[in-house]
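This briefing goes through a protein model by topic. The sequence and structure come next.

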Amino acid sequence: MSFSSLNYSTCTLARMNSHHSHNRTRKSSAFATPPSSIISQTEESRNLANSMENSPLDAASKRPDSSVLLTHKNAIGIIGGLSIGTTLNFVSKLVTWSSKDGGNDIPFVLCSDPVLNKELSFHERGSSSYLTGKNKNILKDHAPVVENLRHKRIFLEKSGARCIVMPCYISHSWHDEVALGSSVPVLHMGECVAKELKEANLRPLEAGSTLRIGVLASDATLSAGFYQEKLQNEGFEVVLPDKATMEHTVIPSLEALNRKDIEGAQNLFRIALQVLVVRAVNTIIIASDDMRDLLPPDDPLLKKCVDPMDALARSTVKFLQSVEGNA
């Protein structure tokens, strides 16, 4: 993936190009009205000067409504979340899925805000266990987070995004509030993965039983309950780690990871996965930045697992392809 960039505050305008295996970034300065971040655009067929002269950003500046950064019919608005690494990983997944079968590059605007990162981190760490039924820290004092997310959603709408995504697990705790009043679809990660599992036509592992889907995530994500809701809406039985599993495997695994005890973290996490496997789950959703990359890619247990980010990326590409098809 390659792109060129201009310095802004919390926004990045880019066009993904998957035809090159190395990132090549060319930078220049510019004035902007959005809060300071980066704005990027890739056009491999022309140099930076021509790109700027003919870019949507340049065209938008000549129109009365200069807030429109993208005029492409398949533009995406991306709200970054708890981890910039996760956000960039999602962008990489978009490149992968959009380039399959000779697909076109996808232009996008990305908002990444260090203040929002800190606010989300506070809620991620401060949530009490879903096992107690007490999620007061998720529900209390979340207004600043929602306001921040809504502000970015509105900015992305005005920037010309045709759909908006939040590649962040904890941000989906307030998805409905953030999406309220949006003129464009705000895709829900939990809904995307639930629909994909429904379309997979899975069969119960035990005769006469319902289809069971396991979920491993942080306390904050499990407390929010949106994976449980979206999966149940599709007819699945949701299997969560019990109190003993959380206290003796999941939480100690993450603590070991923080201590840089990778082997210990992996062993504990494998036990947590196996506990769900023996409960006859068809698939396990791993909805956590820390858990997602804990095991090596060739670990046999990962064959039973899915990453919601993949489902969100695929759903985003499918939506944009449908927009192009109807244009």
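Is Asn-201 buried or exposed? Asn-201 is exposed, its relative accessible area being 64%; exposed means over 50% relative accessible area, buried under 20% and partly exposed in between, with a 1.4 Å probe and protein chains only. The model is predicted: local features need pLDDT of at least 70, side-chain atom pairs count only at pLDDT 80 or more, and totals for chains, interfaces and linings use all residues. Residues are numbered from 1 along each chain as its sequence is written, and side-chain values use heavy atoms, with hydrogens and water left out.

**Overall content**

- The protein has 14 helices and 11 strands; these are DSSP runs numbered from the N terminus, helices being H or I with at least four residues and strands E with at least two.
- Of the 327 residues in the protein, 53% are buried.
- Among contacts between residues at least 6 apart in sequence, 73% join residues at least 24 apart, where contact means heavy atoms within 4.5 Å.

- Helix 8 covers residues 189–199, and its buried residues are Met-189, Gly-190, Cys-192, Val-193, Ala-194, Glu-196 and Leu-197.
- The cover over these buried residues includes strand 8 (212–217), helix 10 (226–233), strand 10 (283–287), strand 11 (305–306) and helix 14 (308–326).
- Gly-190, in helix 8, counts as buried because its relative accessibility is 1%.
- Not counting residues up to four places away in sequence, Gly-190 touches Tyr-227 and Lys-230.
- The C-alpha atoms of Gly-190 and Ile-285 are separated by 9.8 Å, although the two residues are 95 apart along the chain.

- Two packed helices are described by the angle between their axes and the distance between the axes.
- The axes of helix 8 and helix 14 come within 8 Å and cross at roughly 85°; axes are lines fitted to C-alpha atoms, for helices over the stretch in contact, and angles run from 0 to 180 degrees between N-to-C directions.
- That angle makes helix 8 roughly perpendicular to helix 14, given that 65 to 115 degrees counts as roughly perpendicular, under 35 as roughly parallel, over 145 as roughly antiparallel and the rest as oblique.
- On the helix 8 side, Met-189, Cys-192, Val-193, Glu-196 and Glu-199 meet Pro-308, Met-309, Ala-311, Leu-312, Arg-314, Ser-315 and Lys-318 of helix 14.
- The residues of this contact of helix 8 with helix 14 divide into 7 nonpolar, 1 polar and 4 charged; Ala, Val, Leu, Ile, Met, Phe, Trp, Tyr, Cys and Pro count as nonpolar, Asp, Glu, Lys and Arg as charged, and the others, Gly among them, as polar.
- Helix 3 (residues 84–98) and helix 14 have axes that come within 9 Å and cross at roughly 50°, which makes helix 3 oblique to helix 14.
- Residues in the contact of helix 3 with helix 14 include Phe-90, Leu-94 and Trp-97 from helix 3, and Leu-312, Ala-313 and Val-317 from helix 14.
- The contact of helix 3 with helix 14 has 7 nonpolar, 3 polar and 3 charged residues.

- An open sheet of 4 strands has the order 9-8-10-11 with parallel pairing; two strands pair if DSSP finds at least two bridges between them.
- Strand 9 (237–239) and strand 11 are at the edges with a single partner strand each, so one side of each has no neighbour in the sheet.
- Strands 8 and 9 run parallel and are joined by 3 bridges, and Arg-212 has Glu-237 in strand 9 as its bridge partner.
- Helix 12 (residues 262–277) packs on the sheet and touches strands 8, 9, 10 and 11; its direction makes about 160° with that of strand 8.
- Strand 6 (residues 107–111) has 5 of its 5 residues buried.
- Pro-107, Val-109 and Cys-111 point one way from strand 6, whereas Phe-108 and Leu-110 point the other way.
- Strand 5 (residues 76–79) pairs with strand 6 in the parallel sense over 4 bridges, and Ile-79 stands opposite Cys-111.

**Positive phi in loops**

- Most residues other than glycine have a negative phi, and most peptide bonds are trans.
- Asn-201, in the loop between helix 8 and strand 8, has a positive phi near 55°.
- Lys-260, which is not a glycine, has a positive phi of about 70° and lies in the loop between helix 11 (243–258) and helix 12.
- Lys-260 is exposed, with a relative accessible area of 68%.
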